[in-house]
Amino acid sequence: MFSKWRKKSTENQTVEIHSPLSGEAVPLAQVPDEAFAGGHMGPGLAIEPSAGKLVAPFDGKVVHVIKSSHAVMMEHPSGLQFLFHIGINTVSLKGEGFISHIAAGDKVKAGQLMIEFDIEKIREAGYPVISPIIVTNAGEVTSNLETLNGPVTAGGSVILKAVLKI
């Protein structure tokens, strides 16, 4: 009877995002591309991958897969949207060395393999393999964003914490 008078929770929701790659997580400033390093694409971090597998870092939806399979956009159930970009200028490879296991609209589970990529092929072509992970709508939904650096394991390590606006 009095349920409509109950106070709504004013606690912020914290979302933790696990690493989509194994390797070394570093600040975006270390990415050799000003669009990413300067934060123009959004806040985030980058990973220097040690293995050529990009996995889903959370249960969510694939919003877009770039035609050349070097990048994917995902949406977290909280509304946060992410861009996972494998390497720098790798669009120039026109998909060579990339195998996508997902399509736009797919629902994926944390740890699910999304894209395989050939690290050596990317390096041989003269491109950096460092891979930016960008929160594309952080200003709309978060009040605080924390990135973590150091060694990371795909599907295991938490790389980003976001406090969502209520």
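Analyst: What follows looks at the aromatic rings, then at the nonpolar cores, and then at some strands and a loop.

This is a predicted model, in which local features need pLDDT of at least 70 and side-chain atom pairs count only at pLDDT 80 or more, while totals for chains, interfaces and linings use all residues. Residues are numbered from 1 along each chain as its sequence is written, and side-chain values use heavy atoms, with hydrogens and water left out.

A pair of aromatic rings is described by the distance of the centres and the angle of the planes. Rings of Phe, Tyr and Trp (its six-membered ring) pair if their centres lie within 6.5 Å, and planes under 30 degrees apart count as stacked, over 60 as edge-to-face and the rest as tilted. The count by this rule is two aromatic pairs. One of them joins Phe58 and Phe82, whose centres are 5.5 Å apart and whose planes make an angle of 50°, so the pair is tilted. This pair links distant parts of the chain, 24 residues apart, with Phe58 in the loop between S4 and strand S5 (60-65) and Phe82 in strand S7 (residues 81-85); strands here (E, at least two residues) and helices (H or I, at least four) are DSSP runs, numbered from the N terminus.

Phe82 also pairs with Phe84, and here the rings are stacked, at 5.9 Å centre to centre with 10° between the planes. Phe58 counts as buried because its relative accessibility is 5%, Phe82 is buried at 0%, and Phe84 is buried at 1%.

In soluble globular proteins, nonpolar side chains tend to be buried together. A nonpolar core is a set of buried Ala, Val, Leu, Ile, Met, Phe, Trp, Tyr and Cys residues joined through side-chain atoms within 4.5 Å. The largest such core has 36 residues, and those with the most contacts inside it are Leu54, Val72, Phe82, Met114 and Phe117. Strand S14 (residues 158-164) gives the largest share of this core, four residues. Leu54 touches, among others beyond four places away in sequence, Val72, Phe84, Met114 and Phe117, where contact means heavy atoms within 4.5 Å. A second, separate core of 10 residues includes Leu28, Val31, Ala71 and Ile88.

The strands come next. Two strands pair if DSSP finds at least two bridges between them. An open sheet of three strands, paired antiparallel, has the order S4-S10-S8, and its edge strands are strand S4 (53-55) and strand S8 (98-100), each pairing on one side only. S4 and strand S10 (residues 113-117) are joined by three antiparallel bridges, with Val55 standing opposite Leu113 in S10.

Lastly, Ser22 lies in the loop between strand S1 (13-18) and strand S2 (23-27), and counts as buried because its relative accessibility is 19%. A polar atom of the Ser22 side chain lies 2.9 Å from the backbone nitrogen of Ala154. Among the residues that Ser22 touches are Ile47, Pro49 and Val152.

Key. Buried < 20%, exposed > 50% of the residue type's maximum accessible area, 1.4 Å probe, protein only. Polar contact = N/O pair within 3.5 Å; in protein donor to acceptor, adjacent residues only side chain to side chain.
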